[in-house]
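Good morning, and thank you for coming.

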Amino acid sequence: MGLRVAPRPSAPAPAAPAAPAAAPAFPASQSDASAAPVIELEEEAMPQFAYRGDKLQYILSSLCKRGGFIGAVVADHKGLPLADFNSPVGGDILAAFTSVLGNALERGAMLLGESGADIISMDINYTDKVVLRRFAVRGEPYFLMGVCAQPVEERTELELSIEQLIAVLSE
């Protein structure tokens with residue numbers, strides 16, 4: 001995830017420049033959004049764990065802390081939890097819900113003719129939402145579900161976490 005730093009406000013131009021004007025810091029054709037420098041965040045190294053479940057739980061805790069998620073779970077295609085972190089309703093319940101929402105994702109994709117659909121979100125209430133991302137490891141489907149506040153932009157965080165989950169589940 002990159003952070004955008006707002007460009008510095010420009011100082012008012014003097015009435016009569018005493019010296020030749022310097023070139024502007026950014027070309028005039030660039031918009032303010034593209035002119036803002038981007039600060040890259042380094043991905044933290046995963047500590048060594050003896051068990052796969054501990055690695056998965058660490059990935060979920062990092063997702064929640066980094067991305068502002070309330071809780072998360074990773075489950076298999078049957079809705080059985082592989083790991084969870086800070087689930088607001090219990091890891092087993094949230095994991096079981098992955099199969100329900102995963103089924104809705106598959107049916108919706110079929111009805112819309114979008115075979116590559118792999119993410120669905122649902123508002124829980126006015127402040128929170130649940131987001132489900134389907135991914136595959138060795139041809140088997142898995143689900144990553146997170147609960148977060150409505151304004152959270154979840155896609156970048158989910159994709160980063162899925163790369164890590166695939167690496168662990170492929171071991």
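Let me start with helix 2 and what lies over it: the cover of its buried residues includes strand 3, strand 4, strand 7 and helix 4. Please keep in mind throughout that this is a predicted model.

Which residues of helix 2 are buried? They are Lys-55, Leu-56, Tyr-58, Ile-59, Leu-60, Ser-61, Ser-62, Leu-63, Cys-64 and Gly-67. For orientation, an α-helix has 3.6 residues a turn, so residues three or four places apart point the same way. Helix 2 itself has 16 residues and spans 22 Å from its first C-alpha to its last, close to the 22 Å expected at 1.5 Å a residue. Just after helix 2 comes Gly-68, with a positive phi of about 80°.

Is Pro-47 buried or partly exposed? Its relative accessible area is 35%, and therefore Pro-47 counts as partly exposed, since buried would mean under 20% and exposed over 50%. From Pro-47 to Tyr-58 there are 11 residues in sequence, and their C-alpha atoms are 8.7 Å apart in space.

Five strands make up an open sheet in the order 4-3-7-6-5, and their pairing is antiparallel. From one strand to the next, the twist averages 15°.

Helix 2 (residues 52–67) packs on this sheet, where it touches strand 3, strand 4 and strand 7, and its direction makes about 40° with that of strand 4. Helix 4 (residues 155–169) also packs on the sheet. Helix 4 touches strand 3, strand 4, strand 5, strand 6 (128–137) and strand 7, and its direction makes about 35° with that of strand 6.

Strand 3 is mostly covered, with seven of its eight residues buried. Seven bridges connect strand 3 (residues 69–76) with the antiparallel strand 7 (residues 140–149); in strand 7, Gly-146 is the bridge partner of Ala-72. Strand 3 is also joined to strand 4, again antiparallel, by four bridges, and there Val-74 has Ala-83 as its bridge partner. Strand 3 and strand 4 form a hairpin with four residues between them, and Gly-79 in the turn has a positive phi of about 90°.

How many residues does the largest nonpolar core have? It has 21, and those with the most contacts inside it are Phe-69, Phe-135, Leu-144 and Leu-165. Helix 2, strand 3, strand 6, strand 7 and helix 4 each give two or more residues to this core. Beyond its neighbours within four places in sequence, Leu-144 has contacts that include Leu-60, Val-73, Phe-135 and Leu-165. Another core, of 11 residues, lies apart from the largest one; Ala-75, Leu-94, Val-130 and Leu-132 are among its members.

Thank you for your attention.

Key
Residues are numbered from 1 along each chain as its sequence is written. This is a predicted model: local features need pLDDT of at least 70, side-chain atom pairs count only at pLDDT 80 or more; totals for chains, interfaces and linings use all residues. Side-chain values use heavy atoms; hydrogens and water are left out. Two strands pair if DSSP finds at least two bridges between them. Axes are lines fitted to C-alpha atoms, for helices over the stretch in contact, and angles run from 0 to 180 degrees between N-to-C directions. Contact means heavy atoms within 4.5 Å. A nonpolar core is a set of buried Ala, Val, Leu, Ile, Met, Phe, Trp, Tyr and Cys residues joined through side-chain atoms within 4.5 Å. Buried means under 20% relative accessible area, exposed over 50%, partly exposed in between (1.4 Å probe, protein chains only). The expected span of a helix is 1.5 Å times one less than its number of residues.
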